Amino acid sequence: MTQTNEPARCATLLPVFEQIQSDSGKPLALIELGPSAGLCLLPDRFAYRYDGGDVLGAENLAAGAPLLECATTGNPPLPTRLPEIASRTGVDLNPLDGADPETARWLKCLVWPGQTERLDRLSAGLDVLTSLPRDDPGGPVTLVRGDLLAHVETLVNAVPAEHTAVVYHSAVTSYLPPGLRHAFLELVATLDCRWIANEGFFMSDATDGEIAVPRERSGMFVMTLDGVPQAYTHQHGVQLHWEADGAWPEDGQSI
Ligand SMILES: C[S@@+](CC[C@H](N)C(=O)[O-])C[C@H]1O[C@@H](n2cnc3c(N)ncnc32)[C@H](O)[C@@H]1O
């Protein structure tokens, strides 16, 4: 099974994490579905630069964090702070141990030839993961083995009231057969959590899981918050095209 893990997707998730934290005023209990080795459970441990501006999280660079560069259009609400993380939990059919040298080597083998920037980001992200202090305020990365549909409800229900449960997933639901995608949509709508989908399939009941994407955005993910589209995102996190107030196509053609 090929299981890439792309930490740069955190750059496109960060504005939505910020929005969720502003809404609730509580630290975030992250629940990532299909996290692979769990690198996207470390959004507060990386550094970010949007459109070549100031570095956010510069203090993390000293600890070897990757600097995640992201180009934007559409004036996204760029974060001014790193998210406050209360816990980091993931559920994956095959969780990967990034501390194991053979597993790390396999993850690096999955990066397409010539994509040296991705390789550098992955190496730095794995270093951050494996050197996470025991007393890190966001807690350890905890990866549960299993199917996301079987575990998501239990994980959300375990989040204490003083934290905001955030269920999210990137490049995962394409692995679910359509019937299970719909079962997931129905289930997640019943849970007491915020929900971010960053996927090649439009994650909303309204369009039956499909949406027409303009030619210039073809090959991109659509990012939704609680089922409402926010942005087109580059598959590997290096572009964020904010369209939250934009006109989203309503006819149901496939991406
Ligand atoms: C392409 S990787 C993406 C990893 C990570 N989300 C990222 O953005 O870097 C897809 C991951 O989803 C996991 N996955 C696929 N189907 C799953 C399911 N039904 N339940 C849990 N994990 C699943 C795979 O094992 C794999 O680790």
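Glu 102 and Arg 105 are both exposed, where exposed means over 50% relative accessible area, buried under 20% and partly exposed in between (1.4 Å probe, protein chains only). The side chains of these two residues pair up in a salt bridge, with an N to O distance of 3.6 Å; the term covers a side-chain nitrogen of Lys or Arg within 4 Å of a carboxyl oxygen of Asp or Glu. Glu 102 and Arg 105 sit three residues apart in helix 3 (residues 101-109), about one turn of the helix. Helices (H or I, at least four residues) and strands (E, at least two) are DSSP runs, numbered from the N terminus.

The model is a predicted one, with local features needing pLDDT of at least 70 and side-chain atom pairs counted only at pLDDT 80 or more, while totals for chains, interfaces and linings use all residues. Residues are numbered from 1 along each chain as its sequence is written, and side-chain values use heavy atoms, leaving out hydrogens and water.

Eleven salt bridges turn up in the structure. One of them joins Arg 88 to Asp 136 at 2.7 Å, N to O. This pair ties together distant parts of the chain, 48 residues apart: Arg 88 belongs to strand 5 (residues 85-92), and Asp 136 to the loop between helix 4 (116-130) and strand 6 (141-145). Both Arg 88 and Asp 136 are buried. They also belong to a network of salt bridges that takes in Asp 44 and Arg 45.

Another salt bridge runs between Asp 226 and Arg 194, whose closest N and O atoms are 2.7 Å apart. Here too distant parts of the chain are linked, with Arg 194 in strand 8 (residues 194-199) and Asp 226 in the loop between strand 9 (221-225) and strand 10 (228-233), 32 residues apart. Asp 226 counts as partly exposed because its relative accessibility is 34%.
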